[in-house]
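User: I would like to go through this complex with you, beginning with the place where the two chains meet. Could you bring it up?

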Amino acid sequence: MKTLNDLRPGEEAFIQEIDLNIFACKFLSFGLMPRTKVHMVRLSPLGDAYYIKLGALHLAIRKSEASSIKIVDV
Amino acid sequence: MKAFETLPRIALVGNPNSGKSSLFNLLTGLRQNVANLPGVTVDVKKGTAIWDDKKYQIIDLPGMYSVFPNSADERIPIDILTNPNHHLHPDLVVYVIDSTQIERHLLLATQIIDMGFKAIIALNMIDLADDRGMFIDTQAIEHYLHCPVIKISSRELQGIDQLKSTIDRRIETEYSVIQKSIYTLTEIEKCVANKLDSEQNNSIYFKKILAHHYKWLSFIREDEKKEIEKVNLQCGFNDIQLQVHETMERYNAFLPIVKSAVKYKKDPSQSITDTIDKVITHRILGPIIFFSIMLLVFQAVYAWASVPMDLIESGFALFGDTLTKYLPTNWISDLLVNGVLAGLSGVLVFIPQIAILFLLIAILEESGYMSRVVFMFDGIMQKFGMNGRSIISLISSGACAIPAIMATRTINNPKERLITILASPLISCSARLPVYAVLVGFVVPNSINYGPFNAQGLVFSGLYFLGILGALFFAFVLKLFIKTEGQSYLMMELPEYKKPLFKNIYTDVFEKVKSFLIGAGKIIMIISMVLWVGASFGPSKGMENARINAQKLSTLHQYSVKQSQQLEKSMLIEASYIGVIGKWIEPAIKPLGYDWKIGIALLTSFAAREVFVGTMATLYSLDSGTSEQTLRQKMNSELKPNGEKRYDPATSLSLLIFYVFALQCMSTLAIVRKETGTWKWPIFQFFAMGAMAYFGALMVYQLMS
């Protein structure tokens, strides 16, 4: 299954599922939850983190964290 | 007047970036300080609010996203909110929401209400919501949450009077802990809650929170922990799964309410922030802009601060000279001038640097830029066990480690913060510059050039580079050895850009200066007194002999009054306790190429590195106002017993290497003690950096001689 890591800058997808780990609640409290649309804006200078958008909210997330967010195409 | 502790307590609770601090500053003004919580590194501020004839204690709890924390400082507010006997436990919660992000911020609001707190919801930044064509039906939200909802703007001073009068009314109303909660507990959660006996009349949801967090809540006794563990097991309580379930259920319940209560007149997803970030966080432009800003910050702390710093130092020197002139010559006047005044000057001289750095950092932080810095540099700093924010501290360390270490307070991961604190002082600061300047000439003569590069310039850059390398190496080693508390994560909000509020910046700078003066100032004063005693007193026989010998020599060589005074000073410091210790450690520093005179200078420059120059001047019987040039001539003509030059390239480079690495700065020790809350880390840092200095210098000297 595709994860947030598979999105390229400028692409969008819906979140399908969040892995059940200690950060699951953290993701949810930022609004990263199933059926939400997520927009990949850009990579960090060294490519180790993502700048993403959920509606009007701007978020920074590490590559390793993004791998626990499963997505489906829009 | 009622004592502060007995006033009704109001806690400001909310997500980070909800504008809590602005509201706190607005309600308390400068009647605020940092609450005393042992072992807690994050600032919890408390203050007094006065309006009409009312007086309240206001507590600004650290921001959090939900009652399920992921880091040590997110646990602090939970620990306070769940412990009814905590000295900061509130009677009333004002829950602050960023109105433009109401959907997410309501999550924690519903949890706080379910915990049984008497609450008021403050829809903050309502001006921004208005600007974006957003309309919020407060009645619908009020009806859902069963508590007052007030639109405010702490920046534009809207709705503040209404908030105050609602607080007055709400604090008076009787409130019984509701047993019904917004969130409907599952059978497992009910099972746990029903079995947990609690003396306090707590809500059912409150008990569930205890079942989640009992392991680290500070007020729960060991036997109670065992009891909760047993109950959890009996009911089949799955911590993470139930956290996720609860969060999802809450969203499912209130998102439809929000949808009907909030109307948008225009598409909220595009804002000026997107346009700015296209440039500011650009993969190539972003770092270029950051380093340009840092160059400015560095310039400010390095150069602009030197003007008020010189004023402070020369002011104290002038005052000291005047005192010396009018006071009788005895040890009390000497203590006053060279002990107390020198110590005071040594403390106050840091204020310009601290104030300027925090002024700039507060502007960067308030505007929202700092989060972008973390986003851009998180990856690279992570490799060294640090955080994107650490880069600010490392760069400011090039001016001075004191404000740089204080700036680590915004790093929320304790391990990353500690590593930043420990590694920063290895970056060459401005106080090392005078030492480098005096010694570099003995390593290579000024006349040599390699192509366009001057040899001395190369040695200078080499020393700075070595400091940076040392800091990164030290950080990397520490990363392997310091144990982690909880997993590290980046996951954070990049808030909308905002114009910084002067009041917030001013309060922050004021707070930082105050905490330096109170926290580190007294330690610096004490150490400088000890150093004064060490340099002014000695074994009485030795001191007496030094005086007699100085007089004999002066008569013999027919010295002027000034010359004989300088000679006496030099011979007295040799006979003092510090002189005795300097001679005593000579065998240990001989392999580095040093004699006892250098030993004495190493000891006295513990006050601050630049004292090295002054001590050298005294030891070579020069006036303390001597130029570097004359001191260097004097040092250049100093010979070893075997007739070679004392300051040959090997000894001088060895000494330079020593100063690159050694923690020769009592103020750094004092601030590290303050910021880490224990003497363990400054002592470790002192010896670790000392070992790097010793072995580095040893290697250089042995290889070169």
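This is a predicted model: local features need pLDDT of at least 70, side-chain atom pairs count only at pLDDT 80 or more; totals for chains, interfaces and linings use all residues.

User: Which strand of chain B is joined to β4(A)?
Analyst: That is strand β12 (residues 492–493) of chain B; two bridges join β4(A) to β12(B), and the strands run antiparallel. L59(A) has E493(B) as its bridge partner in β12(B).

User: What is the strand order in the sheet that contains β4(A) and β12(B)?
Analyst: The order is β5(A)-β1(A)-β2(A)-β3(A)-β4(A)-β12(B), an open sheet of six strands with antiparallel pairing. At the edges are β5 (69–73) of chain A and β12 of chain B, each of which pairs on one side only.

User: Which helix packs on that sheet?
Analyst: Helix α16 (residues 369–382) of chain B packs there, touching β3 and β4 of chain A as well as β12 of chain B. The direction of α16(B) makes about 140° with that of β3(A).

User: And how many bridges pair β1 with β2 in chain A?
Analyst: Strand β1 (residues 12–18) of chain A pairs with β2(A) over three bridges, in the antiparallel sense. F14(A) is opposite K37(A) of β2(A).

User: Let us change topic to confidence. What ipTM and pTM does the predictor give?
Analyst: The complex receives an ipTM of 0.96 and a pTM of 0.83. Chain B has an average pLDDT of 88, and 96% of its residues score at least 70.

User: Where in chain B is confidence lowest, and where is it highest?
Analyst: Within chain B, the lowest confidence falls in β2(B), with a mean of 77, and the highest in strand β8 (residues 149–151), at 97.

User: Which sheet has β2 and β8 of chain B as its edge strands?
Analyst: An open sheet of seven strands in chain B, with the order β2-β3-β4-β1-β5-β6-β8 and mixed pairing. Both β2 and β8 of chain B pair on one side only. On average, neighbouring strands of this sheet are turned by 25° against each other, direction ignored.

User: What joins the strands at the β2 end?
Analyst: Three bridges join strand β2 (residues 32–34) to strand β3 (residues 45–51) of chain B, and these run antiparallel. N33(B) has K46(B) as its bridge partner in β3(B). Seven bridges then join β3(B) to strand β4 (residues 54–60) of chain B, also running antiparallel, and there G47(B) is partnered with I58(B).

User: Which residue takes a positive phi in the hairpin of β3(B) and β4(B)?
Analyst: D52(B) does, near 45°, in a hairpin with two residues between the strands.

User: Do β5 and β6 of chain B run parallel or antiparallel?
Analyst: Strand β5 (residues 92–98) and strand β6 (residues 119–124) of chain B run parallel, joined by six bridges. Y95(B) is opposite I121(B) of β6(B).

User: Which strands does α6 of chain B lie across?
Analyst: Helix α6 (residues 160–172) of chain B lies across β1 (9–14), β3, β4, β5, β6 and β8 of chain B, and runs at about 170° to β6(B).

User: Now the helix pairs. At what angle do α15(B) and α22(B) pack?
Analyst: Helix α15 (residues 351–367) and helix α22 (residues 502–519) of chain B pack at about 145°, with their axes 9 Å apart. The crossing is right-handed. Residues of this contact divide into 11 nonpolar, one polar and three charged.

User: And at what angle do α21(B) and α31(B) pack?
Analyst: Helix α21 (residues 455–481) and helix α31 (residues 649–661) of chain B pack at about 40°, with axes 9 Å apart. That angle makes α21(B) oblique to α31(B). Their contact is made by L463(B), L466(B), G467(B) and G470(B) of α21(B) with L656(B), V660(B) and F661(B) of α31(B). Five of these residues are nonpolar, two are polar and none is charged.

Technical notes
Residues are numbered from 1 along each chain as its sequence is written. Chains are lettered from A and ligands numbered from 1 in the order in which they are written. Two strands pair if DSSP finds at least two bridges between them. Helices (H or I, at least four residues) and strands (E, at least two) are DSSP runs, numbered from the N terminus. Axes are lines fitted to C-alpha atoms, for helices over the stretch in contact, and angles run from 0 to 180 degrees between N-to-C directions. A crossing is left-handed if the near helix is turned anticlockwise from the far one by less than a right angle, and right-handed if clockwise. Ala, Val, Leu, Ile, Met, Phe, Trp, Tyr, Cys and Pro count as nonpolar, Asp, Glu, Lys and Arg as charged, and the others, Gly among them, as polar. Two residues are in contact if their C-beta atoms, placed from the backbone, lie within 7 Å. pLDDT is the predictor's confidence in each residue, from 0 to 100. Angles under 35 degrees count as roughly parallel, over 145 as roughly antiparallel, 65 to 115 as roughly perpendicular and the rest as oblique.
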